[in-house]
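Hi everyone, thanks for making time this morning.

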Amino acid sequence: MFYGTTRLTMDDKHRIVIPARPRKKLMDMCEGEIVMTARTREHILLYPLPEFEALLARLDQLPDLDQASNDFKLSFTANARDESIDRAGRLLLGADLRERAGLTKGVMLVGRGNRFELWDEGRWNAEAAARDAREGAVPLPSEVISSFRL
């Protein structure tokens, strides 16, 4: 499982260095073979290859004749790219996904359980401020409170 948030800097060749702890997990889990994709223009999704393959198997169960399911499957798979973490721990961010997510020099690596998200630092900070404002305005559902004993 991946969690936490780390600020990274994209170099001039559009690479980021995956921090040591998550990099070790990725190397153990999939030898650094990952799949990058995007569903929206907000961020890039990074999946260890086995996690992505399991997700594809679940996506394959969705009906192609249902427009919403078909659109989701198409956007998710059409944007997918195989990538590898190199020996120095660097990951190349291809132009298509990098530009789609609006990534600039400052990038946030966000652990989200079975995957990571890559956000532009400015967009992440704006979204974080909006989440903080919503958190105070909207009470948590009772199911969340009782499940997690917050």
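This is a predicted model: local features need pLDDT of at least 70, side-chain atom pairs count only at pLDDT 80 or more; totals for chains, interfaces and linings use all residues.

Residues are numbered from 1 along each chain as its sequence is written, and side-chain values use heavy atoms, with hydrogens and water left out.

Back to Glu 31. Its phi is near 55°, which is a positive value in a residue other than glycine. Most residues other than glycine have a negative phi. Glu 31 counts as exposed, because its relative accessibility is 64%. By that word I mean over 50% relative accessible area; buried means under 20%, and partly exposed is in between, using a 1.4 Å probe and protein chains only.

His 14 is another residue with a positive phi, near 65°. You'll find His 14 in the loop between β1 (5–9) and β2 (15–17). His 14 has 31% relative accessibility, so it counts as partly exposed.

Now let's zoom out. How many helices and strands are there in the protein? There are six helices and eight strands. Reading from the N terminus on, the order is β-β-α-β-β-α-α-β-β-α-β-β-α-α. The C-alpha trace spans about 45 × 40 × 30 Å along its principal axes. Of the 150 residues, 35% are buried.

Here is a number about how the chain folds back on itself. Take the contacts between residues at least 6 apart in sequence: 59% of them join residues at least 24 apart. A contact here means heavy atoms within 4.5 Å.

Next, the inside. In soluble globular proteins, nonpolar side chains tend to be buried together. The term for such a group is a nonpolar core: a set of buried Ala, Val, Leu, Ile, Met, Phe, Trp, Tyr and Cys residues joined through side-chain atoms within 4.5 Å. Which members of the largest core touch the most other members? They are Leu 46, Leu 91 and Leu 118, out of 22 residues. Two or more residues of this core come from each of α1 (20–30), β3 (33–37), β4 (43–48), β7 (106–111) and β8 (116–120). There is also a second, separate core of seven residues, with Val 35, Leu 45, Tyr 47 and Phe 76 among them.

Let's stay with Leu 46 for a moment. Setting aside residues up to four places away in sequence, Leu 46 touches Ile 34, Val 35, Met 36, Leu 91, Leu 109, Arg 115, Phe 116 and Leu 118.

In strand β4 we also find His 43. His 43 is buried, with a relative accessible area of 10%. Beyond residues up to four places away in sequence, His 43 touches Ala 38, Ala 101, Glu 117, Leu 118 and Trp 119.

Now for helix α2, residues 49–59. Which of its residues are buried? The answer is Phe 52, Leu 55 and Leu 59. Looking down the axis of α2, these buried residues fall within an arc of 60°, so they line one face of the helix. The arc is taken from the directions from the helix axis to the C-beta atoms. What do they pack against? The partners are β3, β4 and α3 (67–78).

Helix α3 is also where Lys 73 is found. Is Lys 73 buried or exposed? Lys 73 is buried, with a relative accessible area of 11%. Apart from neighbours within four places in sequence, Lys 73 is in contact with Leu 59, Asp 60, Leu 62 and Asp 64.

My last stop is Met 1, in the segment before β1. Met 1 is exposed, at 66% relative accessible area. Leaving out neighbours within four places, Met 1 is in contact with Lys 25, Gly 113 and Asn 114. The C-alpha atoms of Met 1 and Lys 25 are separated by 8.7 Å, with the two residues 24 apart along the chain.

Technical notes:
Helices (H or I, at least four residues) and strands (E, at least two) are DSSP runs, numbered from the N terminus.
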